[in-house]
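Good morning, and thank you for coming. I would ask you to look at the structure on the screen while I speak.

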There are 4 protein chains.
Amino acid sequence: MTNSPLIERWREVRQRSLQLMAPLSAEDCVAQSMPDASPMKWHLAHTTWFFETFILESFEPDFQAFHNAFRILFNSYYNGIGEKHPRPQRGLLTRPSLDQVLAYRLNVEQRIEKVWQTATSKQLVKLSELLELGVQHEQQHQELMLTDIKHLLSCNSLFPAYFSHKPTAAIPLAPIQWVPFEASLLDIGHIGHGFCFDNERPCHRQFVEAFVLSDRLVSNGEYLAFIEAGAYQNAALWLAEGWDYLSSQKLRHPLYWHQIDGEWYEFTLHGLQLLDKHQPVCHLSGFEAAAYAQWAKARLPTEFEWEYAAGYTGAETALSQMFDCCWQWTSSSYAPYPGFEAATGAIGEYNGKFMVNQYVLRGASAFTPTGHSRTTYRNFFPVTARWQMTGIRLAKSLQAT
Amino acid sequence: MTNSPLIERWREVRQRSLQLMAPLSAEDCVAQSMPDASPMKWHLAHTTWFFETFILESFEPDFQAFHNAFRILFNSYYNGIGEKHPRPQRGLLTRPSLDQVLAYRLNVEQRIEKVWQTATSKQLVKLSELLELGVQHEQQHQELMLTDIKHLLSCNSLFPAYFSHKPTAAIPLAPIQWVPFEASLLDIGHIGHGFCFDNERPCHRQFVEAFVLSDRLVSNGEYLAFIEAGAYQNAALWLAEGWDYLSSQKLRHPLYWHQIDGEWYEFTLHGLQLLDKHQPVCHLSGFEAAAYAQWAKARLPTEFEWEYAAGYTGAETALSQMFDCCWQWTSSSYAPYPGFEAATGAIGEYNGKFMVNQYVLRGASAFTPTGHSRTTYRNFFPVTARWQMTGIRLAKSLQAT
Amino acid sequence: MTNSPLIERWREVRQRSLQLMAPLSAEDCVAQSMPDASPMKWHLAHTTWFFETFILESFEPDFQAFHNAFRILFNSYYNGIGEKHPRPQRGLLTRPSLDQVLAYRLNVEQRIEKVWQTATSKQLVKLSELLELGVQHEQQHQELMLTDIKHLLSCNSLFPAYFSHKPTAAIPLAPIQWVPFEASLLDIGHIGHGFCFDNERPCHRQFVEAFVLSDRLVSNGEYLAFIEAGAYQNAALWLAEGWDYLSSQKLRHPLYWHQIDGEWYEFTLHGLQLLDKHQPVCHLSGFEAAAYAQWAKARLPTEFEWEYAAGYTGAETALSQMFDCCWQWTSSSYAPYPGFEAATGAIGEYNGKFMVNQYVLRGASAFTPTGHSRTTYRNFFPVTARWQMTGIRLAKSLQAT
Amino acid sequence: MTNSPLIERWREVRQRSLQLMAPLSAEDCVAQSMPDASPMKWHLAHTTWFFETFILESFEPDFQAFHNAFRILFNSYYNGIGEKHPRPQRGLLTRPSLDQVLAYRLNVEQRIEKVWQTATSKQLVKLSELLELGVQHEQQHQELMLTDIKHLLSCNSLFPAYFSHKPTAAIPLAPIQWVPFEASLLDIGHIGHGFCFDNERPCHRQFVEAFVLSDRLVSNGEYLAFIEAGAYQNAALWLAEGWDYLSSQKLRHPLYWHQIDGEWYEFTLHGLQLLDKHQPVCHLSGFEAAAYAQWAKARLPTEFEWEYAAGYTGAETALSQMFDCCWQWTSSSYAPYPGFEAATGAIGEYNGKFMVNQYVLRGASAFTPTGHSRTTYRNFFPVTARWQMTGIRLAKSLQAT
């Protein structure tokens, strides 16, 4: 079973993590800019820990941990596995060194290859399932590697660039078009054999009233008009908790915007750049997304409306920027689908225990690995999160019949 | 128009606020036990401020405020009205005295009576609407008066009783029965002419898969079994945020429970009482409600399931404790119904701006004024709130067909 | 022994506490405006608890507490006595009522009278010592009653007046004169038979280099010049910790000053008053006192310099405002005198355990009870304290010979 | 003037900083374990910034900063110089890289050499003074480099060793001897031509009553007896603020002690080691030092007593461990000597502005560079600081004559 498509994909994904690390120094890889973010080195180790813990420990007959302390250092939040290194102190792990973490990666990869090659066909079912989950897990962390390194570099007044090439300018935009959808009883959630997370299941019915959806995301230029209209000083546009959040954090613009001598700039992985008004606005809290929608006499879509639109015949021609720019805030809180059941064991801690006080984002972003996005994918963050690639697609209800 | 049913009801509701105050001293009425709660005196004044601000100011031709400072002191959260006294400092308002607040109540009541008697029939439409809203608003505060005074007295190690009479023991309970409901496309929300809050509108369609609902609320005895099974020490039962909340707050039992020399007691408005195992468990956070449901191999209902069940023919015989014991946590986040529109002006701040990071509770409680409950009523609190009358009704999904 | 001067003084002091309460309602007496301050009712009860705990419990053969719960509710900080009600929650004690606290006072007073009358001459030594300590303790709380009620009323935007009479305007001031003192080896601390606190002992030697002291306190007008010179925006004038404190608290002026339509007002026990520029500036943190001194090219005196000057022959003609306006910040941290020994038992917790991170204030204030001030008296507060009657006397070092 | 003793010493001190860095990786040098500590890389850059800012900028005719951003990034607390990078975010400076910082060091060193060689004899006076200050400043940071890296490594559950060689065991101790000192009028502070910090001046008179001083520091073994006597559970031994600090931080032993399977270990720069009972106890807060003294029926010395003893003829034979183990907490708050004047300009921010809420430590530690200690040296930290090399020498007052 050396060369199944799954193991090939696993090798590519593992390799891509190293490519994401390539532009960085060992110093860059150790620092943690805030408790929500993790160091690159930690991501590289944790994604390896996942394979060691959930595959090697079960499938190697004479399993020995690569390093006992790594079992604790690189556990993220799995209470079922045991102790964890405190999350806000991940940036203090100057040891193990990056080199040792790369050696850890290599060791675990070699052992996974061996487990794969020697698995019985009965073992292969469970093994494939776990390997697939590990691939998906590592892809999720690949997006975090980029958002977290972006946040770290943004905290440095030297504004270092991660990419060495120049950014390309966006194409000028046409005004937003509203794409209509009829009221409908929908099948929501994942069905069939392909991979999905447990939170996309079970497929079930939801009724959605008629609505329209914007054909593209809100742009930097449009968001700038909102700022210039005094929106950050106008309580009437904001959710009460959002207004308190603005005030306590003294927010006045999206996370990475800087106004220097009257000109707007945005920090990006290309370094500090003049704000491109035709790019989608990004790095907004859900509060800012909702306030913009209020100001634009619209609202955020529910996750069911979004999934309905994304799966619609002809969606790809009517709607743009669904999966390639920013995750899109919805008004749906992150909740279990009716009949949801978490997996048994520590793997069951993957999703269900986070289903409170978080909101669903749909789509995917420029940082999402190829092949990782799906119509039914449910990303989720607290409404205050701004360091992720988060933008705005608008919706409006139509008159009830 | 002196004696319409509405003005009669208004008079009764105003009178009831004074009755709720009757067992208390002026000292009891001034203190605020935490930022979430308000002093009795503040409730008495704020409910009066509401009539002064939204009715007298519009309908009196030569309106003069009873006291200019009261306009600020007794505004709760209406940014549209102007400045507010800081919420956590409501307990510092030793002046105006309780007597002055009672004089304020009387003055506003007399002026409302006069406005009512002299209104043109055209004015009466808007006036009735606002008077009804004010009545409903005061009834909401009547429930808060009781929950807030209960919290205040609970902070006093003398455990004073609010009621002078003895509590009555609950009748022994039969085991929970599960009442089944078929999958259905429902009309959810308020329709027709009776009063409702804007958050109950518009009436719209929701599809609900088949489920069962417990016929009664979870009891103190059943919740005690959950505690004794070690639930507060078992992370696997809790939402991740709930587990952190437990740990940081060192929670081990419902808000008002005390274990003294091995015996469980509950602080109530009758003072400290031996725990009555047949009463519904009350004063739980949404985290505790969800963890109990997890332990009981069930879940919390959605607000749509709850409304479906409550409105079902025969609900009153199959289901008990819907409106008379505790508000019932649902798994539904507080969100606008499709097509929701807030009222214009400051009144529009009543509901919509709170629609984030809160969860819907359905039903009503022993503290809810008679005539204030409805099948479509949506109460809401943050998932951490424990000082309200909050309990548990369980649900389970049925096999998808 | 019914009418010794001590018992007479005790009666007068107990009576004065009631007089201080007289302008207030029961509502005023229950509220606590911040954790540092206590409600009037709590002061009235705690000063009574002191006599009950340290005298009645030892001297009554068949002692029974007036109320068992009061032993805990009205203990301030004596770990040796047992449990305490949490300090920040003193404002929640709506029960016992003010009337019950007054009954508690009366009961304890009657029992103290009886203990006094029936004491053996051997008992009288210890009894007199404790009664004297209780008198001094109650006098200390009488100053706190006034500072705490002032703070409470200041939090109310109605700015209620405690006094019904008008304030008297200050007499115009002459410029500060500098009074010189020669270098000297001093005896510092209390000696002889009169009452003093343990922190004034033992009398010991301190050497002080030559210095000059301002003949009066810094005035409101002088402090206003400091503000108008931009001092609150000039980091160079401030201690580093003071500058951080200013910034985090957004301080711009003394605690009770208000600038309204370009005019400066000060909240006082007479209500809100136009700022009297000839009155000593009051309600300053030690940071503000030190920054003012820095700006005025002077410094704060040490407590030894202050005591030296106060005890000097002719001090009363050369120096004014020593004991009758504001406590005066010194640059001396609150530390034990060489050879200091705390009393044994719970009484020993009176002073010694606070000797860290506090600064000594010398003199007395307009709120200090008559007969309570002394040249050797050491008051102390954290450098951030502003709600006490705290002002500035300046000093300068002279050239070393 | 190429080879004066001063420039030679400057070269050695600069070289020693690199030697302190040698056992560390670039990853180790970037991390900051807490706001009080700084990364090694930051120390290396800041000590260079000091020479660039206070010497090159004044003495180079055509001064150009090595890098404009470094002016802000590596300023510590000099408001007079302008903006500063936020202290708690020093660990986010993955750029500039360690290599760039080393290049910065080299560049500034070469320019300092050139300035030195070309200085006029008139310039040399000021230049020597600043170079000396820079040397002393870098030596202070060399102690911090070691305490800060010790703290960082202590946060890592791998407990990495900084030193590769083994620690040497301490020689068994004799019981503490008490060395007596007579009451005396002392000259305190620095006098003469050698270097001292401004806080050691002016030399002035202090009177000290008779006392005894312990001949050595308190040992780990003696401190362990204090722990085993239940001291951390006995409020009576602690300052009130210290007791609150213990409780909130849950402290039970010195900073780097670990109890594993009933055995006590101490984390050191040699890694985790069995506790050596004959070594002086180290890494204590001033609260712990004071509580130990209280338990031992002694007290901490004042800084004047300490300086008296250290300067006494025969002190070197009677007293040990004065400068070679731990800094010694005194009961003296950090305050200006009478007649103290800070230097003008930004250099004046070196000491004076920290003279509040800090306590003086005397002596020196095993981490203090050779030649940096003095009898009159005044180190200072908040009473809560534990990551410095802080220990206990005891004193007792003698009977007043």
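Predicted model: local features only at pLDDT ≥ 70, side-chain atom pairs only at ≥ 80, totals over all residues.

Let me begin with chain A and chain D.

Through which surface do the copies meet? They meet through the same surface, because 100% of the interface residues of chain A are also interface residues in chain D. Each side is described by a count: 30 residues from chain A and 30 residues from chain D take part in the contact. Between them, the two chains bury about 2200 Å², with 56% of it on carbon and sulfur atoms. Of the area that chain A buries against chain D, 33% is supplied by Glu27(A), Leu92(A) and Arg95(A), more than by any other three residues.

Asp28(A) and Arg95(D) form a salt bridge through their side chains, at 2.8 Å from N to O. Helix H2 of chain A gives the largest share of the side that touches chain D, 4 residues.

By comparison, no contact joins chain A and chain C; their closest C-alpha atoms are 13 Å apart.

Finally, the cores. The largest nonpolar core has 104 residues, and Phe74(C) is among those with the most contacts inside it. Beyond its sequence neighbours within four places, Phe74(C) contacts residues including Trp42(C), Trp49(C) and Tyr104(C). A second, separate core of 103 residues includes Leu6(B) and Ile149(B).

Methods:
Residues numbered from 1 in each chain as written. Chains lettered and ligands numbered in written order. Heavy atoms only, no water. Contact = heavy atoms within 4.5 Å. Core = buried A, V, L, I, M, F, W, Y, C linked by side-chain atoms within 4.5 Å. Buried < 20%, exposed > 50% of the residue type's maximum accessible area, 1.4 Å probe, protein only. Buried area = accessible area lost by both parts, 1.4 Å probe. Salt bridge = Lys/Arg side-chain N within 4 Å of Asp/Glu carboxyl O. Helix = DSSP H or I, 4+ residues; strand = E, 2+ residues; numbered from the N terminus.
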